[in-house]
Amino acid sequence: MVQATISALLSPKFGLPKWWRWIQFFIPIGLYLGVLIQFDPIWALAIFVIVWLVFANAFKERVPLYLTNDTTREALKALVKKRRKVRFLDLGCGLGGNVAYMSQLKGVAESHGVETAPIPYLISKLVTGLRGGQTFAMDMWKTELAYYDVVYAFLSPEPMPKLWEKVKDEMHSGSVFVSNSFAVPDVEPTEIWELDDSRKTVLYIYRL
Ligand SMILES: C[S@@+](CC[C@H](N)C(=O)[O-])C[C@H]1O[C@@H](n2cnc3c(N)ncnc32)[C@H](O)[C@@H]1O
């Protein structure tokens, strides 16, 4: 208890957000309980490996896995409504839901997604294999954006400035870059769509 309390009190001094206090507090207690019940540490290792296989990009890119909801997919549908033969790309496609959904729309000719976290990639491959679209095990920084008419990203604030450089360099005129929730700093979006879902999703739309 002493160790838990000290670590909880010290954590903000090391620059961690407030909610980390609880994590700091419960780790020593969890370890103590683990010793009491003789918890085999191999399980901790196994859980760590699974978490890493799902969230690998949280460490490397500071982008974890969370998913686009149905309301946002409807908005993407509205975005491509009047277009024809659209080539759609989801940068970091997670479990492949967007790629499969977009592949089923009339105006969409090709729907692709790239993903590097191992477990999401495998699930996305399966989902797109069954429902349509294609998933590639590719780093988003190696994609050729020039091929696509609509590029969608739901990432984090971290990669946005660098990603915008890539978008500007590669995407052709008339194409659209959409970022869910995270605006490009210091760049005025062409449109901002505020969606009527529980998380009040905001789509930042940049027409090149
Ligand atoms: C917030 S999730 C969004 C998943 C999906 N696009 C959706 O909207 O439902 C971001 C995804 O991007 C992936 N990702 C992050 N950096 C990446 C990179 N450099 N190359 C490929 N995928 C990446 C993560 O593994 C994660 O699955």
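A pocket, on a 1 Å grid over the protein atoms alone, is an open set of points where a 1.4 Å probe fits, with protein on both sides within 12 Å along at least five of seven lines; lining residues have an atom within 4 Å of a point. This is a predicted model, in which local features need pLDDT of at least 70, side-chain atom pairs count only at pLDDT 80 or more, and totals for chains, interfaces and linings use all residues. Residues are numbered from 1 along each chain as its sequence is written, and side-chain values use heavy atoms, leaving out hydrogens and water.

**View 1. The largest pocket and its lining**. The volume of the largest pocket is about 380 Å³, taken as the space filled by probe spheres set on the grid points, which are joined across faces, edges and corners. Its lining has 32 residues, with Val63, Gly92, Cys93, Gly94 and Glu115 nearest the centre. Helix α3 (41-60) and helix α5 (97-103) each supply at least two lining residues; α3 gives the most, with 5. Helices are DSSP runs (H or I, at least four residues), numbered from the N terminus.
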